[in-house]
Amino acid sequence: MSNPLVEELKWRGMIHDIMPGTEEQLSKEMTASYIGFDPTADSLHIGNLVPVMLLVHLQRAGHKPLALVGGATGMVGDPSGKSAERPLLDEKVLNHNLNSQRAQLEKFLDFHCGENSAEIVNNYDWFKDMSFLEFIRDVGKHITVNYMMSKDSVKNRLEGGMSFTEFTYQLVQGYDFYHLYQHNNCKIQMGGSDQWGNIVTGTELIRRKAKGEAFALTAPLIKKADGSKFGKSEGGNIWLDKEKTSPYKFYQYWLNTSDEDASNFIRIFTLLNKEEIEVLESTHAEAPHMRVLQKALAEDVTRRIHSQEDLDMAIKASNILFGKSTSEDLQSLDEATLLAVFEGVPQATIEKAALESTENYIELLSSTTEGLIFNSKGEARRMLQGGGVSINKNKIADMNAKPEFDLLQDKYFLAQKGKKNYYLITVR
């Protein structure tokens, strides 16, 4: 039996494994389904967007999404896909991380739409009063050691060693599913393909302990076409929190994807329908250098994660480096965006008194800025005579004039030599 939600996820390339009976369950009734989120940071990153989008599609299809934040499991650490045990988090850090992630999830899911409103649940609520003896008596006896040892997340770690804490993780996650089955009528758990073993342990626990039937659906782990890890840049993770990854850098990450990746990502990370995506792909194929696909992807995701205002700022910032822009565009950038855009350019700091006492632009661009832009006054003079130097996007017309310009954010100015050489000067 085909189901509209499953068909939607299939054409988007978002199904890796699906347990028999899942489609029948989704077609039979409004079904509650959950995904767990790891609270090891105070922000989700774009790798988390795949499970988030699974919940978004689930709710759009009329079902009930449950986002489980792992207040209890975060204290243990999931071994799936890990080569070493992670440090455990204390309760204060966990609660801060949980609250931050909760605020981000609320951007995607509707928590006030009636019967299929999204809910956020925290497994600390049901584990905090459970004793160790109670757990091994009421949960542990239902799953054999042989069954647990057969899981890839365990087998892959046996040679290097695995703590009992990590070994029991699948039981803890399995009990989450059992608890939500009993108390929230949750019939399906979804997640990344590396979670399959843990999810199936949950369905097995429900079958043995509750004599019930539950189901599983996983999405493939996203990889880039060149084999590099999705969601990483030279600076590390691409976060949803703008304080960790600026909207400009966030926008640039998506804009710089390859054609093959853009075609894949636009299906997974946007809500554009099949016809809209095919039109974009066709337009892109006619003029790949225009990067229509990448722009549509970057704009859609940046707008939904941040805001239209942040997207406008990111596009404006991109144009300053890579397109046509004005001094007004540069002046309109906030400080965080300005510093993000020019993070990699040569920089120097000068005293305000030195700027005010500088006689002309020749002196400013050579000795006052300590040779950062030009090594000598003669070199500066030759370039200025050719009209190839700008400050804050305004060409210097009279090289012998005393420098006069408005500082960016009252403390910076941007010098440009030729088309591609930028220098950011901080005035202290």
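User: What makes helix α13 mostly covered?

Analyst: Happy to start there. In this predicted model, local features need pLDDT of at least 70 and side-chain atom pairs count only at pLDDT 80 or more, while totals for chains, interfaces and linings use all residues. Residues are numbered from 1 along each chain as its sequence is written, and side-chain values use heavy atoms, with hydrogens and water left out. Buried means under 20% relative accessible area, exposed means over 50%, and partly exposed lies in between (1.4 Å probe, protein chains only). In helix α13 (residues 259-269), 8 of the 11 residues are buried, so the helix is mostly covered. The buried ones are D261, A262, S263, F265, I266, R267, I268 and F269.

User: How do you know what counts as a helix, and how many helices and strands does the chain have?

Analyst: Helices are DSSP runs of H or I with at least four residues, strands are runs of E with at least two, and both are numbered from the N terminus. On that basis the chain has 21 helices and 13 strands.

User: Which helices do the buried residues of α13 pack against?

Analyst: They pack against α1 (4-11), α3 (49-60), α12, α14 (274-286) and α15 (292-305). Contact here means heavy atoms within 4.5 Å.

User: What makes α10 oblique to α11?

Analyst: Helix α10 (residues 169-184) and helix α11 (residues 196-209) pack at an angle of about 55°, with their axes 8 Å apart. That angle makes α10 oblique to α11. The residues of this contact divide into 8 nonpolar, 7 polar and 1 charged. Among those that meet are Y169 and Y181 in α10, and N198 and K209 in α11.

User: How do you know that E119 and K64 form a salt bridge?

Analyst: A salt bridge is a side-chain nitrogen of Lys or Arg within 4 Å of a carboxyl oxygen of Asp or Glu. For E119 and K64 the closest N and O atoms are 3.1 Å apart, so the pair qualifies. It links distant parts of the chain, with E119 in strand β4 (residues 119-122) and K64 in strand β3 (residues 64-69), 55 residues apart. E119 is partly exposed at 31% relative accessible area, whereas K64 counts as buried at 12%. By this rule the count comes to 13 salt bridges.

User: Where do E204 and R207 lie, and what links them?

Analyst: Both lie in helix α11, 3 residues apart, about one turn of the helix. An α-helix has 3.6 residues a turn, so residues three or four places apart point the same way. E204 forms a salt bridge with R207, the closest N and O atoms being 2.6 Å apart. E204 is buried at 14% relative accessibility, while R207 is partly exposed at 46%. E204, R207 and R208 are linked in a network of salt bridges.

User: Why is T337 called buried, and what is it in contact with?

Analyst: T337 lies in helix α18. Its relative accessibility is 7%, so T337 counts as buried. Leaving aside neighbours within four places in sequence, T337 is in contact with Y248, M313 and A317.

User: And how much of the whole chain counts as buried?

Analyst: Of its 428 residues, 50% count as buried.

Notes:
Axes are lines fitted to C-alpha atoms, for helices over the stretch in contact, and angles run from 0 to 180 degrees between N-to-C directions. Angles under 35 degrees count as roughly parallel, over 145 as roughly antiparallel, 65 to 115 as roughly perpendicular and the rest as oblique. Ala, Val, Leu, Ile, Met, Phe, Trp, Tyr, Cys and Pro count as nonpolar, Asp, Glu, Lys and Arg as charged, and the others, Gly among them, as polar.
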